[in-house]
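Student: I would like to go through the labels used for this model and see what each one rests on. Where do we start?

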Amino acid sequence: MKVEKKCRNCGSSSVSEGMVGSGHANVKNINKNLSIGSKLFVTFCINCGEVQSMRVENPKKAL
């Protein structure tokens with residue numbers, strides 16, 4: 001995944017990727033309550049916290 005080199009909010013070049021929740025915040029189909037889903041990753045600025053992007057690890061598991 002391409003990570004932007006500068007934050008759109010503060011101009012910092014310190015960005016990182018993290019995971020939303022601890023396995024309890026998986027993305028899944030609204031109509032499939034028993035689905036495990038897939039992890040959600042966020043790319044964010046370490047300086048100000050601005051979220052640059054969100055990415056589903058395995059989109060097919062989220063269907």
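Tutor: With a cut-off: buried means under 20% relative accessible area, exposed means over 50%, and partly exposed lies in between. Keep in mind that this is a predicted model.

Student: Why is S53 called partly exposed?

Tutor: S53 has 23% relative accessibility. Buried would need a value under 20% and exposed one over 50%, so S53, at 23%, counts as partly exposed. The residue lies in strand 3.

Student: Why does V51 count as partly exposed?

Tutor: The value for V51 is 41%. Exposed requires over 50% and buried under 20%, so V51 counts as partly exposed. V51 is also in strand 3.

Student: What makes the nonpolar surface patch?

Tutor: V20, V51 and M54 make it, with an area of about 250 Å². A patch residue needs over 30% relative accessible area; V51 has 41%, so V51 passes that cut-off.

Student: How do you know that E17 forms a salt bridge with R55?

Tutor: The closest N and O atoms of E17 and R55 are 3.1 Å apart. The cut-off is a side-chain nitrogen of Lys or Arg within 4 Å of a carboxyl oxygen of Asp or Glu, so the pair, at 3.1 Å, qualifies as a salt bridge.

Student: How many salt bridges does a search of the whole structure find?

Tutor: The search finds one.

Student: What makes strand 1 and strand 3 edge strands?

Tutor: The sheet is open, with three strands in the order 1-2-3 and antiparallel pairing. Strand 1 (15-19) and strand 3 (51-56) each pair on one side only, and are its edge strands. From one strand to the next, the twist averages 20°.

Conventions. Residues are numbered from 1 along each chain as its sequence is written. This is a predicted model: local features need pLDDT of at least 70, side-chain atom pairs count only at pLDDT 80 or more; totals for chains, interfaces and linings use all residues. Side-chain values use heavy atoms; hydrogens and water are left out. Two strands pair if DSSP finds at least two bridges between them. Helices (H or I, at least four residues) and strands (E, at least two) are DSSP runs, numbered from the N terminus. Axes are lines fitted to C-alpha atoms, for helices over the stretch in contact, and angles run from 0 to 180 degrees between N-to-C directions. Patches are made of residues with over 30% relative accessible area and no salt bridge: like charges are joined within 9 Å, nonpolar side chains (Val, Leu, Ile, Met, Phe, Trp, Tyr) within 5 Å. Accessible areas come from the Shrake-Rupley method with a 1.4 Å probe; for residues, only the protein chains shown count as cover. Buried means under 20% relative accessible area, exposed over 50%, partly exposed in between (1.4 Å probe, protein chains only).
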